[in-house]
Amino acid sequence: MKVPLANLLCITVLASSGSSFPMERRGAAAGKEKRVQYAAWDDVNVLAHGLLQLGQGLKEHVDKTKGQVRDITIKMKVFNVTVSELGKLTQRLQEDSMALKAKAQSLEESERLVLNVSMDLREKTKELLKDRQKDHERMNKMEEKVDGLMQGEGLEAANANYSDARIIQWMLEAQNKRIDDLVERIKQQQEKMDKQNIRIRTLQNQIQMKNERSSLKRKEDEVHLNASSEQRDSPDAMASDCHELFLRGETSSGLYTIQPTDSQPFEVFCEMTPEGGWTVIQRRQDGSVDFDQLWQAYQAGFGSLNGEFWLGLEKIHSVSKGGNYILKVQFSDWRDEIQSINYPFHLNGEENNYSLRILERRAGNLESSLSTETSGVPFSTRDKDNDQKNDLNCAKQLSGGWWFSNCGRSNLNGRYFVTPAPKQRHQRKQGVFWKTWRGRYYPLKTTTMMIAPAEIENKS
């Protein structure tokens, strides 16, 4: 851009000063005396000043170009480093995914083997029960014959054959005892199979959760990379709970990502109401998720946020530890009647086994279904017994993990009965229940637990 301008200036200067150079032949024919002319001093100054300005402009242009090239080089280095890190992260995620797939395949094969063994055991049990029934019938017939021989005219003959009948009876009793032992062993094997099935489902849920966390981490890395490339200035911080999202203008219920204080971001389901936003921590609705999980699963969370799930004790603690919070418990029966109650609460951390402390008694017929002890009730699972029963593990007896006090007030994480509840009491008490609403042995249809800052009650 500067070179044509320099050429133009040189041509102009030469053209303007051409008449001022010495002229040797002018007027020779007339015989006049030769005269030598030089360029004027002002013209020389103008030419020199123009050349200086031109040189200065060229120097500034070169310096500016060097700076731009240097900035581009730095950005390219940063971009190359970022692309390299993203490539390594992608490769690591692919390796993790392959390992998880292999583990899932092995678990599926184990589950198929367990199911096959379980079917064989059930068939053998049926055959043994049939044989036992036949033996009982034979023994009854023998007892009838013995009774008939011991009465009437055949008493003497009966005395002769009585010892043989007793021997046969002893043999039948011994056989029945062996059958009972076999049935007991089969029951024990069935219990072991059930435990293995539970462990397999737990591992499958953990694999699913790890896949979800890997996917979420990959999305976060992509967002971070896009933010770096676009050089956004001071991005808005993530909301700490659903109510803060509501205050920012979100009014639709659904999945959102939050980040409580001193915590990593994670996804939650937000229930948006006219009063504010509730962070849902538990939902039961169709029995699609097994809630008879171990301590680690209840600590991290399991299930699907769009269906049945438990958010996780650590996440619940991270959301509610920042202030005064309300726990809302809502459930429905099989006639679709709905009931709910709110509790001011405080949830302690892992060092106190996530003990739940209800801060205030509420009036109504539901007040006694959560313990209001001032010290709080720790959370219990079947592999970590923290309940207040010294001679009993409530989580084993009732199924699922919960804040058990005396095993009998409530358990919203129990077994879900899709079909009509079983007739046996010891099975019905393992269901999802809230004692002060429909009673100890009534399995509820749906349950939802959610939390929000206490200020939401002032708006309702």
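## Salt bridges in the predicted model

A search of the whole structure finds seven salt bridges, a salt bridge being a side-chain nitrogen of Lys or Arg within 4 Å of a carboxyl oxygen of Asp or Glu. Side chains of opposite charge can pair when their charged atoms come close.

This is a predicted model, in which local features need pLDDT of at least 70 and side-chain atom pairs count only at pLDDT 80 or more, while totals for chains, interfaces and linings use all residues. Residues are numbered from 1 along each chain as its sequence is written, and side-chain values use heavy atoms, with hydrogens and water left out.

D333 and R438 form a salt bridge through their side chains, at 3.0 Å from N to O. This pair links distant parts of the chain, since D333 lies in the loop between strand 6 (325-332) and strand 7 (338-347), whereas R438 belongs to helix 9 (residues 435-438), 105 residues apart; helices (H or I, at least four residues) and strands (E, at least two) are DSSP runs, numbered from the N terminus. D333 has a relative accessible area of 0% and is therefore buried, while R438, at 25% relative accessibility, counts as partly exposed; buried means under 20% relative accessible area, exposed over 50%, and partly exposed in between, with a 1.4 Å probe and protein chains only.

R438 also forms a salt bridge with E337, where the closest N and O atoms are 2.7 Å apart. This second pair likewise links distant parts of the chain, with E337 in the loop between strand 6 and strand 7 and R438 in helix 9, 101 residues apart. E337 counts as partly exposed because its relative accessibility is 36%. Salt bridges that share partners join D333, R335, E337 and R438 into one network.

S240 sits in the loop between helix 3 (155-230) and helix 4 (242-247), and its relative accessibility of 23% is why S240 counts as partly exposed. The side chains of S240 and E244 are joined by a polar contact of 2.7 Å, that is, a pair of N or O atoms within 3.5 Å, of which, within protein, one must be able to donate a hydrogen and the other to accept it, and residues adjacent in sequence count only if both atoms are side-chain atoms. E244 in turn meets R248 in a side-chain salt bridge of 3.0 Å, N to O. E244 is partly exposed, with a relative accessible area of 25%, and R248 is partly exposed at 47%.

Leaving aside neighbours within four places in sequence, S240 is in contact (heavy atoms within 4.5 Å) with I258, Q259, P260 and V319. S240 and V319 are 79 residues apart in sequence, and their C-alpha atoms are 6.9 Å apart in space.
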